[in-house]
Amino acid sequence: MEFALSPRAEELRKRVLAFMDQYVFPAEPEVNRAMAKDEHSEAPILKDVRKKAKAEGLWNLFLPDSRHGAGLSNLEYAPLCELMGRSAIGARAFNCMAPDTGNMEILAEFGTPQQKDHWLKPCLEGEMRTCFSMTEPDTAGSDPTQLKTRAVRDGDYYVINGHKWFTSGAIGAGFAIAMVVTDPNAEPHRRATMLIVPTDAPGFNLIRPVPVMGHTGGGGHCEIIYKDCKVPVTNLLGEEGGGFAISQARLGPGRIHHCMRTIGIAERAVELMCKRANTRWTHGSLLADKSNIQEWIADSRIEIDSTRLMVMHAAWKMDTAGKREARNEISMIKVMAANMVMRVLDRAIQVFGAMGVSDDTPIASFWRNSRALRIADGPDEVHRMTIARRELRKWK
């Protein structure tokens, strides 16, 4: 594995770093003030930042397909994604935000030419947002073979009925990619299909953004009721019964992107923690002079760098051997990164004291949003079970 970035990736890293310092970090306070007034609107300053990023060619950097994006490998994109993760609005600024990235990837890979023109193109241009509708309140999200939401073929249409929630990003989205059961009698991994569902389709009922630790902002983690929702057969993504396979193709890159951004979050937390420790005087000395604070900072550095090495290795294996061959590495970093960031953020909160649980720093919002990563895209327990089973098979 070669750790040095390609000249192009290094040049992009420097440009993204400069753009974050010049435009993204300064925009954070105004974005926060705008969201305090209207949790679901996009602040004008963020729209301006996005226009600047697009004009500078720092746009759709996540897509490895050069026909649609920057054509970077996972290994090349990793340090760029990490930098974006240092701000809650970083990925949005560069049109590299979840769940849109995953939806754009599967549209690029599985979409028909007509679907790419109608749905993918406006997403790539930054003119349309998307959401992904799979999780249900009545079935275990860790086992998508149990999904209940049904889509029945009726002539040239599918008719969808079911109950979804945590359809992230639904407020303001142009369409959802919905995972629905088309053949309940098929074997477990062939029951489900993916359909493109316009959010203005009759029968697509956005009930509410589910409050997450008291917050419902952005596009929301939304509850959706599909009631006789009709979509044309041409909105079928891939083949009927291929929903599970497409979801796995989507989740591989999505999981590693989450891990990359998580490292950026942890780096921002360590930076803030060290600045606080170097300036806060208490009980006769600076916090930085106290041994337990030094231990927290040292442990954070060790854990962040260890996680980064594992993420880079997983990215390299995805590039060289393929997503399927890198499944174990992706599962390992998914567990490692999600737990690492919570430990680092907890230490940072403790160093800041009461201020750490306020929204006067980004640490508390990072903690709220990051806690879900131990559940989203597969809970820790399922990934650990999968890792263990593969390890056990080696010695059976």
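With a relative accessible area of 12%, E329 is buried (buried means under 20% relative accessible area, exposed over 50%, and partly exposed in between, using a 1.4 Å probe and protein chains only). This residue sits in helix 9, which covers residues 327-352; helices here are DSSP runs of H or I with at least four residues, strands are runs of E with at least two, and both are numbered from the N terminus. Not counting residues up to four places away in sequence, E329 touches H313, A314 and K317, where contact means heavy atoms within 4.5 Å.

A word on the model before going on. It is a predicted one, in which local features need pLDDT of at least 70, side-chain atom pairs count only at pLDDT 80 or more, and totals for chains, interfaces and linings use all residues. Residues are numbered from 1 along each chain as its sequence is written, and side-chain values use heavy atoms, with hydrogens and water left out.

## Salt bridges

Side chains of opposite charge can pair when their charged atoms come close. The rule used here asks for a side-chain nitrogen of Lys or Arg within 4 Å of a carboxyl oxygen of Asp or Glu, and the count comes to 24 salt bridges. One of them pairs R308 with E82, whose closest N and O atoms are 2.8 Å apart. This pair links distant parts of the chain, with R308 in helix 8 (residues 291-321) and E82 in helix 3 (residues 74-85), 226 residues apart. E82 counts as buried, at 14% relative accessibility.

E271 and R86 also meet through their side chains, at 2.2 Å from N to O. Here too distant parts of the chain are linked: E271 belongs to helix 7 (residues 243-279), R86 to the loop between helix 3 and helix 4 (90-93), and 185 residues separate them. E271 is partly exposed at 28% relative accessible area, whereas R86 is buried at 16%.

Now look at R374 and D380, which form a salt bridge of 2.7 Å, N to O. R374 is partly exposed, with a relative accessible area of 24%, while D380 is buried at 0%.

## The nonpolar cores

A nonpolar core is a set of buried Ala, Val, Leu, Ile, Met, Phe, Trp, Tyr and Cys residues joined through side-chain atoms within 4.5 Å. The largest one holds 87 residues, and L61, Y77 and F94 touch the most other members. Helix 7 gives the largest share of this core, 13 residues. Leaving aside neighbours within four places in sequence, Y77 is in contact with L61, F62, L72, M84, C96, H257 and M260. Another core of 20 residues lies apart from it, and its members include A170, A178, V180 and L236.

## C81 in helix 3

Helix 3 also holds C81, which is buried, with a relative accessible area of 0%. Apart from neighbours within four places in sequence, C81 is in contact with H257, M260 and R261. For a sense of distance, the C-alpha atoms of C81 and W367 are separated by 19 Å, with the two residues 286 apart along the chain.
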